Amino acid sequence: MRTERLVSEARVKPWGVYASGKRWHAFRNGDGNVVIRHHATNMVEVKPNGEVLPISRGYGSVSDKQGLNKVFRYERAFVTVNGEQVPATYDTVFG
């Protein structure tokens, strides 16, 4: 599976999905949000409405940033900054 499709696929597959040689994993938590994990680190939650909640910035590696940015673009995800919705990127989520 392509990395950018993780959230969409995890919403319909309750056991979760993997991408990129199982380095990326997405699964639904008890709140109905999709958690995205890279290697062993849960990085973000994506709410059903597309809002992104940060969990851990990981190591800040190129693969962390590129993988999350692919997912965010595909999902049209956003973060709320000063009361406004801003397109989600690794930098807007983790500052």
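## The overall fold

Let's start with the parts list: this protein has 3 helices and 7 strands, where helices (H or I, at least four residues) and strands (E, at least two) are DSSP runs numbered from the N terminus. Read from the N terminus, the elements go α-β-β-β-β-β-α-β-β-α. The radius of gyration is 12 Å, close to the 12 Å that the globule rule gives for 95 residues, so the protein is as compact as a globular protein of that length. That radius is taken over C-alpha atoms, and the rule is 2.2 Å times the number of residues to the power 0.38.

A word on what you're looking at: this is a predicted model, in which local features need pLDDT of at least 70, side-chain atom pairs count only at pLDDT 80 or more, and totals for chains, interfaces and linings use all residues. Residues are numbered from 1 along each chain as its sequence is written, and side-chain values use heavy atoms, with hydrogens and water left out.

## Size, surface and charge

Along its principal axes, the C-alpha trace spans about 35 × 25 × 20 Å. The accessible surface comes to about 5500 Å², with 47% of it belonging to carbon and sulfur atoms; areas come from the Shrake-Rupley method with a 1.4 Å probe, and for residues only the protein chains shown count as cover. Of the 95 residues, 40% are buried. Here buried means under 20% relative accessible area, exposed over 50%, and partly exposed in between (1.4 Å probe, protein chains only).

As for charge, there are 14 positive and 9 negative side chains, and the centres of the two sets lie 8 Å apart. Lys and Arg count as positive and Asp and Glu as negative, while His and the chain ends are not counted. Each charge is placed at NZ of Lys, CZ of Arg, CG of Asp or CD of Glu.

## Inside the core

The largest nonpolar core has 22 residues, and those touching the most other members are Leu-6, Ile-36, Val-44, Val-52, Leu-68, Phe-72 and Val-93. Elements giving two or more residues to this core are α1 (6-12), β1, β2, β3, β4, α2 (62-75) and α3 (90-94). Such a core is a set of buried Ala, Val, Leu, Ile, Met, Phe, Trp, Tyr and Cys residues joined through side-chain atoms within 4.5 Å.

Take Leu-6, which sits in helix α1 and is buried at 0% relative accessibility. Leaving out residues up to four places away in sequence, Leu-6 touches residues including Val-17, Trp-24, Ile-36 and Val-71, where contact means heavy atoms within 4.5 Å.

## A look at strand β3

Val-35 belongs to strand β3 and, at 4% relative accessibility, counts as buried. Its C-alpha atom is separated by 6.4 Å from that of Val-46, 11 residues apart along the chain. Not counting residues up to four places away, the contacts of Val-35 include Phe-27, Val-44 and Ile-55.

## Two loop residues with positive phi

Ser-20 isn't a glycine, yet its phi is positive, near 55 degrees. Ser-20 is in the loop between β1 (17-19) and β2 (24-28), and at 29% relative accessibility it counts as partly exposed.

His-39 also has a positive phi without being a glycine, at about 55 degrees. You'll find His-39 in the loop between β3 (34-38) and β4 (41-46), and its 52% relative accessibility makes it exposed.
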